[in-house]
Amino acid sequence: MDMRRSLVPDIVNLHAFECAARHQNFSRAAEELNLTQSAVSRQISELEQQTGVKLFERIRRRVILSEAGRRLLPEVKELLVRSERLMIGAVAAGQMKSSLRIATLPTFGAKWLVPRLGGFLAQYQDVAITVESRSKPFSFEEDNFDLAIHFGQPAWAGGVCTFLCHEKVLPVACPRLVEGLKLEEYDLLSQAPLLHLTTRPKLWAEWCRVHDVPVENAFAGLRFDQFSMITAAAVAGLGVGLLPTYLIEDEVRTGALAPVANLTMSTENAYYFVRPEEKRTSLAVGLFQQWLLSEVGDANHV
């Protein structure tokens, strides 16, 4: 037997293992799976023979995971979830002419992409769409995405990057904070607390340098690890946030946030549309790229 084939697990055996581990009882696992207890025991035994390790310790009428079983369980759960998701996606896509699995930055997806996605679906109703969040670059070979929205530099192993737009940041605060201080816009930055992103701690200092705005301490203030938290803090009146313009469209339109200084700054990195090299000729990917570029242009973020 091919050694590689011998190490491919039977999904049925993995399901029996996960169920038995959850119940700590082979009989209850058999009831859930609509099998006999002997069938569950046989499936567990086959998995133990394949892995070469003992997965359960039998204590009276209970079974508990061995150390090897505890190490294996989280990965088995993840594999089962991904397998189910794969089949559901295949069924859904099978009813359409084509499908797109899109990886996007969480905030960009929630605040910019998803609210506009209806425009694409109205034009291309026969495309099945799946949108998932990814914060960092990944391997297209391991994660079967059709495209990704990337923020950073135009470099992605196995991917072709197309420029979408620069990121522009703008200092904003709640109107109550701005009106309460009744100061000139630059003085406001000197006296109001600043809100910072932990992963980009120099952002305020860079903005001050670019616009020659004196701020006594550009590094003081509350820190958050997500732009969405800074937005919430700014709306709550906790300080001035330096936020991407795409992120605060709704808040500015409704008046929840107002510009403190009408001076934007383009950051060092930018947004890119990334498609796997092997999908250069995909019609659905090409249509989505064309639509996305037109949306970026209309939104005036370049």
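Guide: Accessible areas here come from the Shrake-Rupley method with a 1.4 Å probe. The model is a predicted one.

Visitor: What percentage of the accessible surface of the chain belongs to carbon and sulfur atoms?
Guide: The accessible surface of the chain comes to about 17,000 Å². The share of that area on carbon and sulfur atoms is 52%.

Visitor: How many helices and strands does the chain have, and what percentage of its residues count as buried?
Guide: The chain has 12 helices and 11 strands.

Visitor: What is the volume of the second largest cavity?
Guide: Two cavities of 30 Å³ or more are counted in the model. For the second largest cavity, the volume is about 50 Å³.

Visitor: Which element gives the largest share of the lining of the second largest cavity?
Guide: The lining includes Leu 195, His 196 and Leu 197, along with Trp 204 and Phe 227. Strand S7 (194-197), helix H9 (203-211) and helix H10 (227-235) each give two or more residues to this lining. The largest share, three residues, comes from S7.

Visitor: How many residues of that lining are nonpolar, polar and charged?
Guide: Among the lining residues are His 196, Arg 200, Pro 201 and Ile 230. The lining divides into eight nonpolar, one polar and one charged.

Terms used
Residues are numbered from 1 along each chain as its sequence is written. This is a predicted model: local features need pLDDT of at least 70, side-chain atom pairs count only at pLDDT 80 or more; totals for chains, interfaces and linings use all residues. Side-chain values use heavy atoms; hydrogens and water are left out. Helices (H or I, at least four residues) and strands (E, at least two) are DSSP runs, numbered from the N terminus. On a 1 Å grid over the protein atoms alone, a cavity is a set of points where a 1.4 Å probe fits but cannot get out, and a pocket is an open set with protein on both sides within 12 Å along at least five of seven lines; lining residues have an atom within 4 Å of a point. Grid points are joined across faces, edges and corners, and a volume is the space filled by probe spheres set on the points. Ala, Val, Leu, Ile, Met, Phe, Trp, Tyr, Cys and Pro count as nonpolar, Asp, Glu, Lys and Arg as charged, and the others, Gly among them, as polar.
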